[in-house]
Amino acid sequence: MSSRLKRGIRRLCSTLSIPLLGCAPAERWEIPHFEPWVPEEFHPASIVPETKTVIVIGMPVSLPAVETSPSIWYHEEYRTVNTLLDINAYRIAAFLNAKGYPSVALPRDGYGHISVLIERPVAFFSHRHAAFLAGLGTFGVNNVLLTPRFGPRVRFTSVFTAAEIPPDPVLEDPLCIRCMRCARICPVHALPGNDYPDGLTDKRACASRSEELLRHYVSPCGFCIKVCPVGDDRKLYDRETMEIYDERKKEFNRLHRAWRHVRNYGGGERAPGMINKTPPG
Ligand code: SF4
Ligand code: SF4
């Protein structure tokens with residue numbers, strides 16, 4: 001096990017402004033406790049047999065952008081984070097390859113188009129589960145991995161490496177406080193409101209909503225992640241209060257009074273009715 005190598009990866013991540021990094025031995029996927037969640041063909045050693053460690057990186061989407069969803073702002077930020085994840089995972093794999101450890105970056109999403117996701121709503125490898133096994137967070141009722149720093153407002157990708165890197169411990173205590181805001185706000189009732197993995201997202205319903213938003217260039221949905229109270233990013237952006245909509249006045253509070261304005265640009269304006277009737281979040 002190379003602590004020195006891990007320090008090198010940490011330094012690289014710091015240089016690349018990657019805030020979340022975790023390492024999980026490939027054998028963690030074999031532990032019976034996790035078996036029901038992750039079928040064998042999804043295990044790292046099934047996909048690349050030389051894999052000894054899965055390195056998971058996470059980058060946040062910023063809370064003020066997510067709050068405006070569905071919007072072109074969140075759409076663009078989401079794409080930017082995804083691109084950076086792919087580039088940075090490639091760089092980490094290249095760094096390890098240059099040191100003589102065979103490594104490969106995985107794509108952060110495992111499908112070509114949203115229509116494919118509706119037909120078959122799974123990727124060939126789950127970065128959420130990898131992030132859990134690498135100690136970066138715990139699952140919420142919204143089926144997303146919640147992290148201490150960013151709650152669910154973070155995206156992940158993974159690098160498979162033959163290097164044996166000291167692992168990070170899996171987080172034991174759940175971060176989800178079961179407030180059910182995510183289940184209540186979901187416009188297509190895709191979240192049953194149970195703890196994961198008992199309460200599985202209706203992925204087809206969720207993907208269908210994404211497809212509808214994509215037609216107007218304002219996907220993804222993101223409602224269930226923007227309302228989640230978990231995450232230090234709420235403190236950073238001074239958004240610890242969840243009182244974001246005045247039911248009596250039918251107005252957004254001071255932080256959100258321009259949401260309709262933001263949503264009505266970049267494609268969203270072509271979706272009258274859908275945009276302005278969406279719940280305020
Ligand atoms: S992303 Fe939207 S549609 Fe999908 S589960 Fe979350 S709130 Fe529901
Ligand atoms: S919104 Fe509430 S119930 Fe949903 S994941 Fe976050 S803390 Fe858990």
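**Close-up views of a predicted model**

**View 1. The salt bridge between R178 and D195.** R178 counts as partly exposed at 41% relative accessibility, and in this predicted model its side chain meets that of D195 in a salt bridge with an N to O distance of 2.7 Å. The pair links distant parts of the chain, since R178 lies in the loop between β6 (154-161) and α7 (181-185), whereas D195 lies in the loop between α7 and α8 (203-214), 17 residues apart. D195 is likewise partly exposed, with a relative accessible area of 37%.

**View 2. The network that joins D86, R108, D109 and R155.** Salt bridges with shared partners connect these four residues into one network, and the count of salt bridges in the model comes to 10. R108 is buried at a relative accessible area of 19%, because buried means under 20%, while D86 at 27% and D109 at 23% are partly exposed.

View 3. Ligand 2 sits in the largest cavity, and the residues around ligand 2 are G140, V141, N142, C176, I177, R178, C179, M180, C182, C228, P229 and V230. By class, this shell holds 9 nonpolar, 2 polar and 1 charged residues.

Terms used:
Residues are numbered from 1 along each chain as its sequence is written. Chains are lettered from A and ligands numbered from 1 in the order in which they are written. This is a predicted model: local features need pLDDT of at least 70, side-chain atom pairs count only at pLDDT 80 or more; totals for chains, interfaces and linings use all residues. Side-chain values use heavy atoms; hydrogens and water are left out. A residue is near a molecule or strand if one of its heavy atoms lies within 4 Å of it. On a 1 Å grid over the protein atoms alone, a cavity is a set of points where a 1.4 Å probe fits but cannot get out, and a pocket is an open set with protein on both sides within 12 Å along at least five of seven lines; lining residues have an atom within 4 Å of a point. A molecule sits in a cavity or pocket if more than half of its atoms lie within 2 Å of its grid points. Ala, Val, Leu, Ile, Met, Phe, Trp, Tyr, Cys and Pro count as nonpolar, Asp, Glu, Lys and Arg as charged, and the others, Gly among them, as polar. Buried means under 20% relative accessible area, exposed over 50%, partly exposed in between (1.4 Å probe, protein chains only). Helices (H or I, at least four residues) and strands (E, at least two) are DSSP runs, numbered from the N terminus.
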